[in-house]
Amino acid sequence: MSTAVSDPLATSAETWRDRDSREPAVPVELIPPRGASRRDRLSALRQRHLLREQRARATYAASRSPERGWPVADNRTVLAFFKDLLRDRKAETFWLIALNGLAAAAALVVPRLLGDLVDTVHTGATDELPQLDRLALVIVGVVCAQALFTFLAQRISTIFGQDLLSSARVYIVSTVLRLPLGRVEGASTGDLVTRVTRDVGTMSRSVQFGLPQAIISGLTVGLSVVAMLFNSVVLAVPSLLLIGASGFQVRRYLQRAPKGYITEGSTYSRINTTLTETVEGARTVEALGLRDLRVGAGDDDIAVSAQAERYTMTLRNLLFCVIDICFNGPRVVTLLVGAWGYWNGWVTLGQITTALLYVESLSGPLDRLVGEMDRLQVGVASTSRLLGIAQVPEDRVAGESRPDGPHLMGEDLRFAYREGHDVLHGISLDLEVGERLAIVGPSGSGKSTLGRLMSGINGPRTGSVTVGGVELVALPLEVLRTEVALVTQEHHVFVGTVRDNIVLAREDSDDEAVWAALSAVGSRDWVERLPKGLDTLVGSGNQSLTPAQAQQIALARLIIADPHTLVLDEATSLIDPRTARTLEGSMNALLDGRTVVAIAHRLHTAHDADRIAVVIDGEVIELGSHHELVEQNGEYAALWRAWTS
């Protein structure tokens with residue numbers, strides 16, 4: 001059935017329904033067969049595992065240099081990141097190893113003393129009773145020392161983990177805040193949100209618990225092996241060989257797990273992206289009747305994620321099966337070899353007792369080491385995704401030159417979001433200092449893109465935007481925002497006091513400057529009526545603000561920042577017209593004496609401007625005052641008649 005071009009809702013819905021013609025999200029080869037024999041089911045299970053491994057390898061390879069979205073760092077970058085964290089904490093690392101080494105050594109002395117006690121009792125000599133008393137007292141003393149060392153080791157481990165966590169989080173937040181704004185807006189929101197929420201949490205647990213515990217467990221295992229060999233080589237070697245046999249499966253797991261966990265992370269990003277799109281486009285979904293389609297898209301994402309998790313779960317199950325056999329077998333082996341050695345007079349009962357206690361005490365640290373190794377693999381995958389953000393190249397290189405005055409000018413501006421598809425075609429604008437320029441035109445004509453270039457958010461493909469003779473993209477961001485500021489329709493209120501929200505732009509501002517800024521935008525009265533005035537907490541979960549109040553807070557913040565040029569991307573378009581007119585009156589205090597570039601969707605904004613630029617298909621086709629353009633009876637005159645009719 002053909003769809004009429006005149007039915008925009010139908011054609012819009014069809015663009016959403018393209019998904020129906022694609023291949024299924026989960027290949028049929030990954031669906032378990034029904035009614036097959038046990039042998040066929042096992043063969044199909046192996047084939048599914050191999051296919052999941054191929055998909056994980058492909059996802060891992062694509063994550064290194066994605067065409068769109070955020071990259072993933074390699075293992076060397078992750079290793080260097082953790083080395084830097086440890087290098088900055090040499091003293092804490094030393095005490096972590098030293099105290100845990102002392103605690104482990106004390107714990108290993110006890111089995112040896114118990115073995116000596118068994119040998120002493122086995123001889124049955126009555127004159128050795130004082131020696132038994134001394135051994136018992138030594139054991140009590142060693143146990144007390146072990147308890148003290150363990151307490152101190154746990155304390156330094158906790159401090160060490162929290163300090164690592166703090167530094168890692170500061171690094172990640174600093175990295176995210178340094179990202180080019182154009183890249184942030186152009187990449188997947190769901191992926192970035194997943195990285196700074198789930199991946200940060202996973203990395204945090206690994207840094208806080210996994211890394212210290214892995215160091216502790218590895219140290220304990222190493223000392224235990226030395227103690228076992230020192231006690232009896234005959235009893236130790238068979239058990240260590242059996243434990244060492246698990247190395248093949250451990251190595252296999254370590255080679256495959258990072259790819260699997262990175263694939264898991266990418267599927268969580270996909271789920272968040274689809275969910276975000278559906279929630280943000282809820283009205284579109286309702287208008288076009290796309291509820292079932294969007295639910296189906298979410299189900300597909302979950303199915304893909306389930307396949308990724310099945311792969312890593314299989315890797316863990318194979319590892320733990322081998323570990324259970326190799327770690328539990330030494331108990332039996334030690335007992336059998338001990339009986340044989342005792343029969344031949346090679347070992348004593350005390351050595352057998354000590355060896356069994358060592359094997360028993362070794363299984364705990366080994367289990368923890370394997371468990372922490374798995375936790376670290378998950379953490380390394382998340383850290384790779386987080387550090388991948390830091391590999392996003394800068395979109396500008398700051399120079400040494402500084403503006404000589406506030407004169408803003410754009411020359412021969414061309415820009416493309418996709419290579420070979422320019423959305424601006426050689427636009428040039430020369431603004432007088434203190435001038436108000438309105439940019440109007442139909443949706444999709446390039447108005448907002450031009451505004452982003454004039455505010456330095458993006459750099460042009462060709463041409464330049466300069467302020468005081470210096471290109472905007474050659475200015476450090478902290479300098480750029482004191483020269484030119486972009487004001488959009490999104491006015492974020494951070495969790496904190498009213499004062500905190502306003503002085504964000506200039507933290508050394510005093511209360512007098514804050515009240516002056518609030519008075520300038522007409523909001524002093526309602527702020528004074530708040531329960532605690534400037535100290536009233538606002539933001540999520542606190543005092544709620546209307547959209548108009550939120551915008552006034554943002555405008556007061558701009559007055560504190562005091563840039564000489566403002567680019568307004570229809571800062572009142574999300575507010576009802578009556579409130580918008582009131583707020584635009586408040587904005588006059590902000591705009592007075594400043595150069596203003598206003599992206600105008602409401603033409604009364606353009607009416608009040610000094611000049612108006614009409615943008616059609618990425619070109620300025622008319623430029624002049626309101627009266628001049630109305631008299632020309634061109635595109636602007638037609639827009640004005642449509643607006644006022």
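Helices (H or I, at least four residues) and strands (E, at least two) are DSSP runs that are numbered from the N terminus. The structure is a predicted model, in which local features need pLDDT of at least 70 and side-chain atom pairs count only at pLDDT 80 or more, while totals for chains, interfaces and linings use all residues. Residues are numbered from 1 along each chain as its sequence is written, and side-chain values use heavy atoms, with hydrogens and water left out.

Pro393 is exposed, with a relative accessible area of 56%, where buried means under 20% relative accessible area, exposed over 50% and partly exposed in between (1.4 Å probe, protein chains only). Although Pro393 and Leu179 are 214 residues apart along the chain, their C-alpha atoms are separated by 8.5 Å.

The next element to follow is the open sheet, whose 6 strands have the order β6-β9-β10-β3-β11-β12, with mixed pairing. Its edge strands are β6 (484-487) and β12 (619-624), each of which pairs on one side only, and the twist averages 20° from one strand to the next; axes here are lines fitted to C-alpha atoms, for helices over the stretch in contact, with angles running from 0 to 180 degrees between N-to-C directions. Two strands are taken to pair if DSSP finds at least two bridges between them. Strands of a sheet pair through backbone hydrogen bonds, either parallel or antiparallel.

Strand β3 (residues 436-440) pairs with strand β11 (residues 611-616) in the parallel sense over 4 bridges, and here Leu437 stands opposite Arg611 in β11. By contrast, β11 and β12 run antiparallel and are joined by 5 bridges, with Val614 opposite Glu622 in β12. The hairpin of β11 and β12 has 2 residues between the strands, and in it Asp617 takes a positive phi near 50°.

Positive phi values also occur at other aspartates. Asp562 has a phi near 60°, a positive value in a residue other than glycine, and Asp412, in strand β1 (residues 408-418), has a positive phi of about 50° although it is not a glycine.

Each of these two residues also takes part in a salt bridge, meaning a side-chain nitrogen of Lys or Arg within 4 Å of a carboxyl oxygen of Asp or Glu. Arg594 forms one with Asp562, the closest N and O atoms being 2.5 Å apart. Because Arg594 lies in the loop between α19 (577-591) and β10 and Asp562 in the loop between α18 and β9, the pair ties together parts that are 32 residues apart in sequence. Arg594 counts as buried at 10% relative accessibility, whereas Asp562 is partly exposed at 46%. The side chains of Arg414 and Asp412 meet in another salt bridge (3.5 Å, N to O), and here Arg414 is partly exposed, with a relative accessible area of 28%, as is Asp412, at 34%. A search of the whole structure finds 14 salt bridges; Arg291 and Asp292 form one of them (3.7 Å, N to O), and both of these residues are exposed. Glu53, Arg57 and Arg256 are linked in a network of salt bridges.

Rings of Phe, Tyr and Trp (its six-membered ring) pair if their centres lie within 6.5 Å, and planes under 30 degrees apart count as stacked, over 60 as edge-to-face and the rest as tilted. By this rule there are 4 aromatic pairs, among them Phe415 and Tyr417, which are edge-to-face at 4.9 Å centre to centre with 85° between the planes. Tyr636 and Trp640 form a stacked pair, because their ring centres are 6.4 Å apart and their planes are at 20°. These two residues are 4 residues apart in helix α22 (residues 635-644), and so they are separated by about one helical turn. Phe415 is buried, with a relative accessible area of 8%, and Tyr636 is buried at 0%.
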